[in-house]
Amino acid sequence: MYALRFDFHTSNNEAEYEALLAGLRLAKKMGAEAMTTLTDSRLAANQINRSFEAKDKRMEKYVRIAQRLIKSFKEFTIKQIPRSENRRTDTLSKLASTCFDHLSKKVLVEVLKERSVDERHVNTLATAKHTWMTLLQHDVLPDSHEEDRKIHKKAPSYILVNGELYRKGFTTPG
């Protein structure tokens, strides 16, 4: 048996997707070519089957990641089953969330430290040929003293990563 434990706050729908993604990754690692997933989540099953749309950004990300992983299988089916037929899974999930220590002998418990969806947002800008950002990015000094002063004032708020310029945030190191 296999159970997941989350070290982060999650809604029921997010937990369903985290479990789905963990299962897809595990099956992929094991070399599975076909997979059938049973879930009691009507929402997840129908979003994956594209009968329902994801209504918020985080759910959209979960659906996109799941669809990308699903493409690695030759065959994939997801079926919604009634909660009454899912008692074994529900019992396992309750055990994993409450009495964690004694499970390790009978059940493989994976602890997820963070969400599968990336919470960082990066905006890509289409810029003119020579702006202060492109000058900073290419380590070129501007012609005018005024432009040079602007760059020196703004530069500490930005970081260059693999040739791409990013604005530093509160959680950005450096």
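Author: Happy to! One term to begin with: contact means heavy atoms within 4.5 Å. Please keep in mind that this is a predicted model.

Reader: Where is confidence lowest in the protein, and where is it highest?
Author: The mean pLDDT of the protein is 76, and 64% of its residues reach 70 or more. Confidence is lowest in helix α4 (residues 87-98), with a mean of 56, and highest, at 93, in strand β3 (residues 75-80).

Reader: Are α1 and α3 roughly parallel or roughly antiparallel?
Author: Helix α1 (residues 12-29) packs on helix α3 (residues 57-70) with the axes 10 Å apart and an angle of about 15°. Angles under 35 degrees count as roughly parallel. Therefore α1 and α3 are roughly parallel.

Reader: What is the handedness of the crossing, and how many residues of the contact are nonpolar?
Author: The crossing of α1 and α3 is left-handed. Residues making the contact include Y17, L20, L21 and L24 of α1, and M59, Y62, V63 and I65 of α3. Of the residues in this contact, one is polar, five are charged and the nonpolar ones number eleven.

Reader: Is Y62 buried or exposed?
Author: Y62 lies in helix α3. Buried means under 20% relative accessible area. The relative accessibility of Y62 is 0%, so Y62 counts as buried.

Reader: Which residues does Y62 contact, leaving aside neighbours within four places in sequence?
Author: One of them is E18, 44 residues away along the chain, with 8.1 Å between the two C-alpha atoms. With those neighbours left aside, the contacts of Y62 are E14, Y17, E18, L21, R115, S116 and V117.

Notes:
Residues are numbered from 1 along each chain as its sequence is written. This is a predicted model: local features need pLDDT of at least 70, side-chain atom pairs count only at pLDDT 80 or more; totals for chains, interfaces and linings use all residues. Side-chain values use heavy atoms; hydrogens and water are left out. Axes are lines fitted to C-alpha atoms, for helices over the stretch in contact, and angles run from 0 to 180 degrees between N-to-C directions. Helices (H or I, at least four residues) and strands (E, at least two) are DSSP runs, numbered from the N terminus. Angles under 35 degrees count as roughly parallel, over 145 as roughly antiparallel, 65 to 115 as roughly perpendicular and the rest as oblique. A crossing is left-handed if the near helix is turned anticlockwise from the far one by less than a right angle, and right-handed if clockwise. Ala, Val, Leu, Ile, Met, Phe, Trp, Tyr, Cys and Pro count as nonpolar, Asp, Glu, Lys and Arg as charged, and the others, Gly among them, as polar. Buried means under 20% relative accessible area, exposed over 50%, partly exposed in between (1.4 Å probe, protein chains only). pLDDT is the predictor's confidence in each residue, from 0 to 100.
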